[in-house]
Every structure is written in structure tokens, then in C-alpha cells.
Amino acid sequence: MPLRLYIPGSESIAVSLRRNVTFISRKIDMCSWSIIKACQEPGQDYRVHTLCYRLLGSLIAHNKTSFQTVISCSGDLLGHIVAGLSSDQAAVRYASLNTFRSFLVSPEAVQYIANKESIAKGIRQAFTDNSLFVVSEACSFFRSIIERASTFEQGRSDLMELCRILNPSGILKDVLKQGSKNLQALLSALEFCWCLVETREGAVLEYLYEEQLFIPLLPLLSVTSRVASLKVLEILSRLYEWAPNPLALMLLDPPKANPLEDNIKGAYDYLMDYASNMLLFPQKKSDILTAVNIVQSATILLSRYARHDSVEVKLVQEDMVKLLRVCIDPSRIPQGDQLGAFIKSSPQFLATRSSIIQVILRTNQSLLSKFPEISNDEMLDEVVQLLESNAFPFDQRMLRIALDLILVLFSRFAVENPSSAKDKIPQTIQRLLRMLHGTSMDSMGVTIVLNAFLGIFEHDTLGGLMMEQTIADSLTMELRLKLMDEAWDVRDSVIVFIGALFQPPRSDFKMSFAIKHKLPFLVLDRLNDSESYVRASALDVLQNFMRSKDGWYFIQQHQQTREVASKLPRLLYDSEAFVRRAALDAICCLVTNRSCEGMVIESTTSTTEEKRSLNPDIVAKLMDDPDSDVTMRACQVLFAFWRLYMHEKKQQKKLRSTTDASQYTHITDPHTKSPVPVFYMLQGDRWLIEATKSTMRRVRAQAYEIIQDILQQQQQPHQWDGGHKKRSFAVDGDDDTMASKDEAFMDQLRDIDFDRLRETLDPEHIFQEALDINADMMTLSLGPGDPDDDRNILDCYN
């Protein structure tokens, strides 16, 4: 069935929603009638219903007095919305909830919801819906009631009554106490808790104190569901960030303490005792991971009252380093240690060891971000030893966290103890280089390690350490070796790293390292790589060189890099579209920089077997490429040649020059033996106009933008023309034929029907065409008497 929604003047209504509230009240009757008609149409698609409901909600939200009008003339429509709460489609249930939430601005609407038991029942059921996005909307609805009730003065007691009617805390507390017996219901209850705790509103806090909803949360950390326990940690961590008395929300009978700092400290001490008991007396393998997670969330409380020299900060850091040491090598556990005894007797510990280490590292990161003064060599040594350990399989997540922690420690050492840093940091960097040299690291691991080196280069102090002879030479050697790796993605990672050295933020250390060791040469060698992804990356990085002042200077100073222009046209013949895209981008960059020296541009296809030139035939193929991005970039290259041609003419006009045309903007025509602009030789005038007729909307949009730029530049007056004339294409000593060709090209551009072209660029007409499709024509025979007539039936329906 086709999707049809009849809403007259919908465009003006949408504008009025933003600009003119009074307009809505005048149009509400018409809109309600249109929405009702759309909803009552037999076989209507449920997505149209969701759109109608939410549109009505927006109308009411912008004019709360219009709800009474809706009741009087659109009672059936409200019945549809109420029925939507129990729909089989989750999207319809969500739309009904969202609409009722929009109604909360109207006292009449609030009274209507409170008096309708079917609405209250549907909303209460939504709190434990099978679809979490429906649960989230129900929670947002209830939270809006609480917030609105607290912000209005007397006269909005109706909101408080509605809050009482819909309050789901009793049901949800039972679900939380049952744990993972019903995992779906548990996740719904946790979603409700999260929705409330993330607001940080005083009214919500009062509700939580009164309902004691969070008391069952802490025991839930031990449930078997990892998803549920992580959600609980997320909720508690957000609570610890702002709640003035967290224990009052987590315990039935919390200890009383004043002032506020004592409440926070009391909550921290309670959590640390809770975690310590789980660490010292673990009952199952997940207890250690749960305990470390609790410690991580407790550090949020620690940061709210403690200083870097506090006893609590020192103790938690020592515990984390000790636990990390145990996880790396259980044989280092002291005799008589209860935790160690459990680990040695639990072979399943290895299964969770990686997860435990990640939490420990994140906890240390959290501590260092809040108390940077606690950085020490012991922590750095343990993290590096972790990376060098072969006791468990390589883990990318652990590697990323560990290297981030190392960079934080490096930065602190460079500030606090520069003399020690000069010895300690280079040693650690050498250890990381040895790790990079290992054959077991995949491309993602190589990327993570190289990104860490990039971070060191960008540091104002640490970057100088990377420039030391031994470190710089070792890193360069590793880059060369990785570029010969059999795995293409490893080679690709190295290419991207070299390109990043020339990208912002600019650093003298990055640039000096890349140029001193001639890393651009390594990239240019990869233009001939056997893997297309690597070739494309090398072309992208080449553009980084050209856009960088230092990189461009390097290219100009070396013959090997200057000759790169001669290699680019050959890549336009590549079988992979993304390589052709990258090649066109690189050519466009060269032309824009007026550095086409060495590029093979011919008026005819090369007679040699090696396809190495930019010529009309390859341009024609690119303009008819099945990949729209390739064709768009081809248009950009033609535009770049046009601008280069115009630049040359402008320079000649300024200087009143009669010199020969530039060898980079003109090619000698083999028939007339006269110079022809590259733009015309490649038939750029024809192809830009043809692009406006392309079947691909994005190509038409690109052509429209380019042509508008050309016409606008031609209309601009020039100061040497007196400031009031249009640009003239005639130049002293210029060939009259070229001037005439330029004027003819301009006339062709002006003849384009730009109004009609703009209409085809709006993607809205594509959606309208989809909505207007008659599905019967795609699924049924056109001739009722001829069931075998399947000319219009899609293959998927045959």
C-alpha cells in the first residue's frame, strides 16, 4: 500500500512551528482533520501513524491552549494515540509516549491523561517494555512530570497527582531485588534508574530519597549478567559525581555525617570496605573484576574531597599497582596472601585477567587525571612489563589503555623531574620499539603504537627525546621494515602514520623527524604497491605533503618527489574506484598549486601499452564512471584547470604580456600546431555542461556549484578594468579563436536553466517519488486476465 499523508500547507506549518505560534492556533483544525484522515485510511503504514502522532504533539507543545480544540474536533485521533500505547509495533508505542509527553504543557491534557485509566495502564506497562528505546521514552515522560511539578507554583498539583498515579517505583524495586531472574525486566528497571540519575535535578533527587529506588543496586554488581552489572556501575558512577549524600540513596539506614565532605568520605570508605571484602574473600571468579570496578567508581568520590597527598589516595594507588603486578605474573604473589591463594586455585582466573587489567589501568588513569602528582616509576615499570609480557594473548583494548597511561606518566615526569625523565623515558621508548618489532602484532596494534609515538612527537618536551639519534634511527628502521610486511594493512598503517606527521597540530619535532629521515620517499614508493588500499592511502598522504608548507618545500627540493606528477595519471586507470578518487584529488591539489611539471597530458590516447597520460579519452571514462565520487572529482579537476587557465590570462593581462602560453596550461594541438588550453583540450567545457544532465544527483550538484563559481568570477569587475566592467576574455596578443571560445563557453553556461537544475538537486523529490509509488504495480500483473504478465513485477516478488 502506498504511503499517503494529506496535510495541506505542511511546509508553511513547519515554518510556523518555529516562527509564529499564533498561526498554529488558526491552522489546528485543518491539521487535526488532515491527521485524522491519514490515520483512518485503510491499510495505512504504521510509520505514518507515528509521524501523525508526533506532529500533533508538536502542535500542542507550541500552543498549550489548543488541546481543548483537539478534544472537541479530534476525539477519534486521541483514541488512536491511546491505542498506540498497546500497539504491536514498538515505534508506534514510542510515538504515543512521545506525544503524551508533549501534552504535559497543557493542564487540560494532564487532567485528560490522569482520568484515562487506559493511558495510565499503557504508560505503566511501557516501563518494562521489551524495547529499551520505548522504556527510555517512558522514563523521560515520568522524569518530565517530576521536573515540571517542581518548577511550577500552586495550580499544577495535577502534575503531582499524575506522578502518583504513574509512579513505577514499587514494581521496579521488586524487579531490582529479583536480580537477573528476568534479565529483560532488569535492564528496563536499570534504564529507568539511569534516566533519573543523569538529570542532576533537585526534584529527581528528592524522589530518589523518598522512594529508596537505589538500595538494591549495589548487590546487583554480583549478578551473572555482565551487561546488567556494567549498567549498574554506570548508574552509580554518575550518582557519585553529584549526589550530596550517596549513602542515603544506597542504604536503608545510612550513617549520619556533617558537613558534606564527611558524607562523601563516608560513602568512599563504605565502598572501599565493600570492595576489599570481595578481593580478600572472593567467592567466584567475577568477584575480583567486580571489586576493581567498584574501586574505579569510588575514585570519583575520592576526587570530591581528597588531596594528592591524602592517605586514601596513596593507599588506593598502591593497591592498584600491587593488583596489576599479581595479574601480570601470579607467581609474584606473596606467601599467605588470601587473594593469591584464590588466584592460584582458580584456573578460570585467566579468563577474566585481561578485563581486570583493563579496569586497573583505567582506574590508574582516573587517579592520574585527578591527582597528577602521584605519578611514579613503579607504576610505569609495571605497565611496560605488562606490554612486554607474553603470558596472555595480545589485546588491542589493553594496549590502547596502557599506552595512554604511559603518555600521561611521561608528561608528568617531563614536568616534575626532567633530569630523571631523560633517562627513564628513552629507555621506555626503546622497549616500545622492541615491542613494535615483534611479528605477533597485527595492523591495529601497529596503529595504536604508532599513534602513541605521534603523541610523544606532539608534546613540547617529550618530542625532543624522540629526536635522539638512537631512537629516531630505530623508529625509521621499524617503519621501513613494516612497509615491507606481507600484511597490506600493516603497510597501510605506516603510510597513515607518516601522513599524520604533516597534519595539524604542527610540531617542529614531527616535521624535522619526517624530513630529516626522508619519509616522503617511503610513501612515494608505495604508489606502486600491489594492494589498492595502500595505493589510495599513499595518494591521500601525498596531499598532506602538498598542503603542508614544509612538505611542499621538501617536494620542490628533491627531483624524486618533483617527478611524482608523472606517476599520477597512470593511477586514473586503476580498477578500484577509491584509488581513482585519491588520484584525482592529488592531481587537483597539484593543479591548484600550479605545479603540474612532469605530468603527462596528451591530446590523444597514449600509443604505448602503459596507460600513463591524462587525455580526453580517460576524462570521458571518468565522467561516465559508475562511482559518483569519481565523476565529482573529475569535475573538480576540470575546474582546477579552468582556474589555472584564467590565472595565466589574468597574469598576461596585468603585465600586458605577449609571451607564449604556459606549458602547464596549454598543450600543442597535433593538427593545428597551435597551443590549446588544457581545459579545452580535455573538453572540460563539454563535460561540465554534460554533468548537469547526469543521472546522479550529486554529480549534478557538483556541476551546478562549479558553474556558479565560474559565472560569478566572470561577473566580478577588475581594478585594472576601471572597477565597473565584466571580465573580458581578450588579452593583448591573445588568439582571437581562444577569446571567442571562452565567450562561447560562457554563453553556453548562461543558457542553462538553473531554476530547473536546482529543483533536481533537492533530495526531497526523491522521497516524494518513493511515497508516490504504487506498490501494486511492482507486485501484481497489469492484466487481470493475464496472470503471466510480469513485466512490471520486481524480481524479488517473482
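Over the ring of which residue does the charged end of Arg-643 sit? In this predicted model, that ring belongs to Phe-639, and the charged end of Arg-643 is 4.5 Å from its centre.

The overall make-up of the chain comes next. The chain has 798 residues, and 51% of them count as buried. Its elements are 43 helices and 2 strands.

The mean pLDDT is 81, and 79% of the residues reach 70 or more. Among the elements, H27 has the highest mean pLDDT, at 95. The lowest, at 42, belongs to helix H1, which covers residues 10-19. Over residues 718-725 the pLDDT is below 50. In the model this stretch has 12 contacts beyond near neighbours in sequence. Residues 793-798 also have pLDDT under 50. For them the model has 10 contacts beyond four places in sequence.

Aromatic rings form another set of contacts. The structure holds 22 aromatic pairs. One of them joins Phe-502 and Phe-545, with ring centres 4.6 Å apart. The planes of these two rings meet at 70°, so the pair is edge-to-face; the cut-off for this class is over 60 degrees. Phe-502 lies in the loop between helix H27 (488-500) and helix H28 (508-516). Phe-545 lies in helix H30, residues 532-547. The pair therefore ties together parts that are 43 residues apart in sequence. Both Phe-502 and Phe-545 are buried. Elsewhere, ring pairs link five residues into a cluster: Trp-642, Tyr-645, Phe-679, Tyr-680 and Phe-745.

Thr-363 lies in helix H20, which spans residues 349-370. Its relative accessibility is 0%, so Thr-363 counts as buried; the cut-off is under 20%. Which residues does Thr-363 contact, leaving aside neighbours within four places in sequence? The contacts of Thr-363 are Val-292, Val-295, Gln-296, Thr-299 and Met-320.

How values were computed: Residues numbered from 1 in each chain as written. Predicted model: local features only at pLDDT ≥ 70, side-chain atom pairs only at ≥ 80, totals over all residues. Heavy atoms only, no water. Phe/Tyr/Trp six-rings, centres within 6.5 Å; stacked < 30°, edge-to-face > 60°. Helix = DSSP H or I, 4+ residues; strand = E, 2+ residues; numbered from the N terminus. Buried < 20%, exposed > 50% of the residue type's maximum accessible area, 1.4 Å probe, protein only. Lys NZ or Arg CZ within 6 Å of the ring centre and 35° of its normal. pLDDT = per-residue confidence, 0-100. Contact = heavy atoms within 4.5 Å.
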